[in-house]
Amino acid sequence: MSASADASESHLPWVEKHRPSKLEELASHAEILKTLTKFVDEDRLPHLLFHGPPGTGKTTAIQAVARRIYGAKYKSMVLELNASDERGIGTVQNVIKEFASTKKIFSSGFKMIILDEADNMTSIAQFALRRIMEKYTQNTRFCLIGNYMNKIIPALQSRCTAFRFPPLKKEEMLTKLQAIADAEKVKLEEAGLTAIVTLSNGDMRSAVNLLQASALSNDFDVKELGVYRTAGAPSPSDVRTVLGTLMNGTFSQGRDILMKVVENNGIALRDIIEAFHSYLLRLALSSNALGFLLSKLSDIQETIAAGAHEKTAILATVGAFTVAKDLHVKSGQ
């Protein structure tokens with residue numbers, strides 16, 4: 001690779017710089033990749049529909065498939081569109097139809113159209129796309145990518161072979177993130193790596209972005225607390241401290257600790273409440289008290305989403321714990 005290419009690549013976001021380009025390099029979904037490889041090697045690739053949560057390798061997988069098929073001809077044989085930006089019928093009738101209907105003079109085989117975020121296309125555009133898929137099947141293969149399969153009309157679903165990409169497993173993410181950290185010369189503490197995986201919830205794109213942001217924010221020395229602060233999320237120690245005070249302290253103490261964590265650490269109350277859930281189920285609360293508390297916290301999250309003032313929501317949260325403690329005492333448990 002030339003010096004200019006090295007310089008250009010150094011400025012890429014890590015999620016692009018370390019994106020796998022071959023099927024063999026993907027970190028997960030072995031069975032899906034095995035099937036896709038067989039389709040390609042036996043020259044019988046159907047129309048495809050990749051669906052599942054964000055950051056699970058859907059776009060990367062189809063790009064790797066296309067590179068395996070076309071090699072150096074990738075750019076001339078593949079049309080990539082983000083359907084959330086170009087979602088209307090005009091795009092289908094003009095851009096997509098024009099590409100699908102033309103043949104390359106010096107190339108044999110089919111071309112490929114990749115429609116990312118196809119679940120954001122309008123219903124009218126999807127019906128128009130169905131007709132184009134039928135008409136140009138000999139000349140073009142389509143791959144539709146989306147988070148929500150139920151937003152793709154049945155007429156398109158039935159014309160595609162569908163694959164669901166589930167969230168990545170923890171072990172797969174740990175291995176890939178450590179490899180990226182090593183390549184970028186990041187000192188990555190084990191607890192920091194675990195924090196990135198925990199916060200990313202199986203979303204590899206989110207995990208790599210968080211790794212890069214944490215590295216840049218902490219002089220390439222990534223520790224657990226730095227990860228949580230970079231993400232603006234409550235650390236386990238924050239959650240335990242707040243929860244312990246709410247359960248064992250007075251109303252004023254609970255209010256003060258929540259105010260401190262929210263205002264001093266810049267953490268949203270909704271994220272703190274979200275982090276409570278896994279801890280609450282382990283508390284020795286009566287069923288009435290626990291049921292009341294979970295219901296109230298859910299209501300508070302809803303009011304925050306609707307625009308409630310955060311200080312009011314903090315007081316409501318402390319009040320919910322106060323009532324829950326009283327219910328627990330009255331239950332005699």
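## Salt bridges

A salt bridge here is a side-chain nitrogen of Lys or Arg within 4 Å of a carboxyl oxygen of Asp or Glu. The model is predicted. By this rule the count comes to nine salt bridges. Side chains of opposite charge can pair when their charged atoms come close.

E24 pairs with R68, with the closest N and O atoms 2.7 Å apart. This pair links distant parts of the chain: E24 sits in the loop between α2 (14-17) and α3 (30-41), R68 in helix α4, 44 residues apart. E24 is exposed, at a relative accessible area of 56%. R68 is partly exposed, at 34%.

R68 also forms a salt bridge with D41, where the closest N and O atoms are 3.2 Å apart. D41 lies in helix α3 and R68 in helix α4, so this pair ties together parts 27 residues apart in sequence. Through shared partners, E24, D41 and R68 join into one network.

Another of the salt bridges is E16 with R19, whose closest N and O atoms are 3.0 Å apart. E16 is partly exposed, with a relative accessible area of 38%. R19 is partly exposed too, at 23%.

## A buried lysine

K58 belongs to helix α4 (residues 58-70). K58 is buried yet has no salt bridge. The nearest side chain of opposite charge is D116, 6.6 Å away.

The side chain of K58 does reach backbone oxygens. One is that of P53, at 2.7 Å. Another is that of G52, at 3.2 Å.

## Strand β1

Strand β1 (residues 48-51) is covered on both faces. L48 and F50 are buried on one side. L49 and H51 are buried on the other. In a regular strand the side chains alternate between the two faces of the sheet.

β1 pairs in the parallel sense with strand β4 (residues 140-146) over four bridges. There, L49 stands opposite L144. Four bridges also join β1 to strand β5 (residues 161-164), again running parallel. The bridge partner of H51 in β5 is R164.

## Helix α7

Helix α7 (residues 123-135) has 13 residues. At 1.5 Å a residue they should span 18 Å, and the end C-alpha atoms are 19 Å apart, which agrees.

A125, Q126, A128, L129, I132 and M133 are buried in α7. Seen down the axis of α7, the buried residues fall within an arc of 160°, so they line one face of the helix. On the other side, I124 and K135 are exposed. An α-helix has 3.6 residues a turn, so residues three or four places apart point the same way.

Technical notes:
Residues are numbered from 1 along each chain as its sequence is written. This is a predicted model: local features need pLDDT of at least 70, side-chain atom pairs count only at pLDDT 80 or more; totals for chains, interfaces and linings use all residues. Side-chain values use heavy atoms; hydrogens and water are left out. Buried means under 20% relative accessible area, exposed over 50%, partly exposed in between (1.4 Å probe, protein chains only). Helices (H or I, at least four residues) and strands (E, at least two) are DSSP runs, numbered from the N terminus. Two strands pair if DSSP finds at least two bridges between them. The expected span of a helix is 1.5 Å times one less than its number of residues. The arc is that of the directions from the helix axis to the C-beta atoms. Lys and Arg count as positive and Asp and Glu as negative; His and the chain ends are not counted. A polar contact is a pair of N or O atoms within 3.5 Å; within protein, one must be able to donate a hydrogen and the other to accept it, and residues adjacent in sequence count only if both atoms are side-chain atoms.
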